[in-house]
Amino acid sequence: MLKVPAHQVAGHQAIDGKIGPLVDDSGRFYKPLQSDERGVNEVAFYTSFSSNKKIPDHIRRFFPVFHGTQLVQASDGSGMCPHLVLQDLASSHINPSIMDIKIGTRTWPPRASEDYIAKCLKKDRESTSTELGFRISGFQIYRSKESGYWKPDKGYIRSFSAEDVRVILRKFVSSNVSADSDSDPDCAFASTVYGGSNGILAQLLELKAWFEDQTIFHFYTCSVLMMFEKELALKGRSSCAEVKLVDFAHVVEGRGVIDHNFLGGLCSFIKFVSEILTGPVESPPKSCLQDSERN
């Protein structure tokens, strides 16, 4: 049985009678194909990427597994519609903290219409995309069994400044998460989530190394998705930190040219994460550890 994803933090959502993605219990994610060229482009990308022998295996793991397309009942009840069938990236997590970061100073592809360019340019300038080369599109941060998630709406996120981004990236790995803008994040999990040989930063650097060489694709309007399990980190176990790339409706052929738009934004994001790791880090208070043990 298909249902609305519990952990989607950005993009079109299947709420209020709108069409959006669905998931099943077998770990698959059903993304409605957009009716214009974007749907065709995304299918073409996944088909090309899946069969391209030049993509190293260690890079493939950053992309959702592609299971083809399928006609399923649309979430808005409008009938059978074609959907991309992908790996449900959150299915292996229990209470994941998730953040979606749209990469690139420019978020429109070549040959886009003037109206579409104007729409994207407005969003880029009103967010941190133009200034930083990336913007936060959505997030949820798990607090506790009692408090659940902190998951702000798009209006709150859309107005972020560069300093707000710094604070949210710190809160993402903190034990004292609060919506209060005056609260000081303790970054208690920074070393285990962002740091380490298998942490977020190491994975981002692995992607960066590939983007410094790859000229197969240019990834416009693509997002980095990062996830981890706070409860595991509290117990001193692996936080299951993961980096994935999502949203490929505007990918175009690289034609032998490095994707400087994506690479530049990725480097900027890496700098922000690195700065958190080099700053002072506090240990989580004993009350957090006790709460985790009770949960």
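Is Arg-255 buried or exposed in this structure? With a relative accessible area of 69%, Arg-255 is exposed, where buried stands for under 20% relative accessible area, exposed for over 50%, and partly exposed for what falls in between (1.4 Å probe, protein chains only). The model discussed here is predicted, so local features need pLDDT of at least 70 and side-chain atom pairs count only at pLDDT 80 or more, while totals for chains, interfaces and linings use all residues. Residues are numbered from 1 along each chain as its sequence is written, and side-chain values rest on heavy atoms, with hydrogens and water left out.

Arg-255 sits in the loop between strand E11 (250–253) and helix H10 (260–278); helices (H or I, at least four residues) and strands (E, at least two) are DSSP runs, numbered from the N terminus. Although Arg-255 is not a glycine, its phi is positive, at about 50 degrees. Cys-187, also not a glycine, has a positive phi near 55 degrees. This cysteine belongs to the loop between helix H6 (162–171) and helix H7 (190–193), and Cys-187 is buried, with a relative accessible area of 1%.

The cysteines form zero disulfides, a disulfide being a pair of cysteine sulfur atoms within 2.5 Å. For Cys-222, the closest cysteine sulfur is that of Cys-120, 14 Å away and therefore too far for a bond. Cys-222 is buried, at 0% relative accessibility, whereas Cys-240 is partly exposed, at 35%.

Side chains of opposite charge can pair when their charged atoms come close. The structure contains 14 salt bridges, each defined by a side-chain nitrogen of Lys or Arg within 4 Å of a carboxyl oxygen of Asp or Glu. One of them joins Asp-124 to Arg-135, with the closest N and O atoms 2.8 Å apart. This pair links distant parts of the chain, as Asp-124 lies in helix H3 and Arg-135 in strand E6 (residues 134–144), eleven residues apart. Both Asp-124 and Arg-135 are buried.

Another salt bridge connects Arg-166 with Glu-275, where the closest N and O atoms are 4.0 Å apart. Here too distant parts of the chain are linked: Arg-166 is in helix H6 and Glu-275 in helix H10, 109 residues apart. Arg-166 is partly exposed, with a relative accessible area of 32%, and Glu-275 is partly exposed at 34%. The side chains of Lys-244 and Glu-242 also meet in a salt bridge (3.9 Å, N to O). Lys-244 is buried, with a relative accessible area of 9%, while Glu-242 is partly exposed at 22%. Salt bridges with shared partners join Glu-163, Arg-166, Lys-271 and Glu-275 into one network.

On the surface, Lys-18, Lys-119, Lys-123, Lys-154 and Arg-158 gather in a patch of positive charge. Patch residues have over 30% relative accessible area and no salt bridge, with like charges joined within 9 Å and nonpolar side chains (Val, Leu, Ile, Met, Phe, Trp, Tyr) within 5 Å. Helix H3 (114–126) and helix H5 (154–158) each contribute at least two residues to the positive patch. Arg-158 lies in helix H5 and is exposed, at 52% relative accessibility.

Finally, Leu-2 lies in the segment before strand E1 (22–23) and is partly exposed, with a relative accessible area of 31%. The C-alpha atoms of Leu-2 and Ser-75 are separated by 8.9 Å, with the two residues 73 residues apart along the chain.

Note on methods
Areas by Shrake-Rupley, 256 points an atom, 1.4 Å probe, with all protein chains shown as cover. Lys, Arg positive; Asp, Glu negative; His and termini not counted. Charge placed at Lys NZ, Arg CZ, Asp CG, Glu CD.
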